[in-house]
Amino acid sequence: MTREEFIKILEKKGYTYEIVGNKIIVIHDGTINFESLKKLPADVEFNNTNYVNLESLEVLPDGVQFNNSGSVNLNSLKVLPSGFEFNNGSDVSLDSLKVIPDGVKFNNSRGDLNLGSLEVLPAGFEFNNKGYVYLRSLKVLPDGVKFNNGGEVFLDSLQMLPVDVQLNNRGEVDLRSLVKLSDRVFNNRGEVNLWSLKVISANVRFNNWNVTLGSLTGGRFEDWSGNIEGIHSTKLLNSMISKGVFER
């Protein structure tokens, strides 16, 4: 798409813009909805005050920036350029993306991160967004990944959790497909879902609110019939783990 073609679309939609040097800067007060647009010209900057919907976009050209105040929908995008940074104010949805290249950063300050098809993360990647991180298809986490986000972490398909992966998020951690757990301290603020877990190392500790152990105790541990009155369920669970009850 040429710059001229894109400008005509902006004008037809009534979206305010300005041209600064080589850049087309969208400064519209409100939502930008390009749900059918498959291409953009290079050097477009979105500075609008709300949502940017580019759900059909297939390629992200050089120089495109998202500095808008709301969410960004790029659910058809399959490739991100190395070093790309999201600086928008709310959610980022990349539901078709399978690989995050080196140098990509999610600086979206208040929002969620949807990476539902992602299969590959770079080693040492950090999630610092304020909402949830959705990684339902990811089966392997590389070493050194850090979840510092403010909401839930959904790792529905993960089958192994490396020792040095850090779960520092403020919400639930969903590890429903994990079958073995070793040498781990959970410090997240919400629940931990370990529905399929069958083996827990004696070095595991839960400092979070509650734990779901479907295969081991039939559901949430605080609802387990073997709990003892007057002893917090998580304290009892940690005691049982330390004695090797779930290593067998």
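What share of the 248 residues in the protein is buried? Buried residues make up 47% of them, with buried meaning under 20% relative accessible area (1.4 Å probe, protein chains only).

**A note on the model.** This is a predicted model, so to speak plainly about cut-offs: local features need pLDDT of at least 70, side-chain atom pairs count only at pLDDT 80 or more, and totals for chains, interfaces and linings use all residues. Residues are numbered from 1 along each chain as its sequence is written, and side-chain values use heavy atoms, leaving out hydrogens and water.

View 1. Helices (H or I, at least four residues) and strands (E, at least two) are DSSP runs, numbered from the N terminus. The C-alpha atoms fill a box of roughly 70 × 30 × 25 Å along the principal axes. Take contacts (heavy atoms within 4.5 Å) between residues at least 6 apart in sequence: 9% of these join residues at least 24 apart.

**View 2. The largest nonpolar core holds 67 residues.** Such a core is a set of buried Ala, Val, Leu, Ile, Met, Phe, Trp, Tyr and Cys residues joined through side-chain atoms within 4.5 Å. F46, F66 and F147 touch the most other members. Elements giving two or more residues to this core are α1 (3-13), β2 (23-26), β4 (44-46), β23 (211-213) and α3 (233-242). The top giver is α3, with four residues.

**View 3. Zooming in on F46 and its contacts.** Leaving aside residues up to four places away in sequence, F46 touches V26, I32, F34, L40, V52, L54, V64, Q65, F66, N67 and N68.

Terms used:
Buried < 20%, exposed > 50% of the residue type's maximum accessible area, 1.4 Å probe, protein only.
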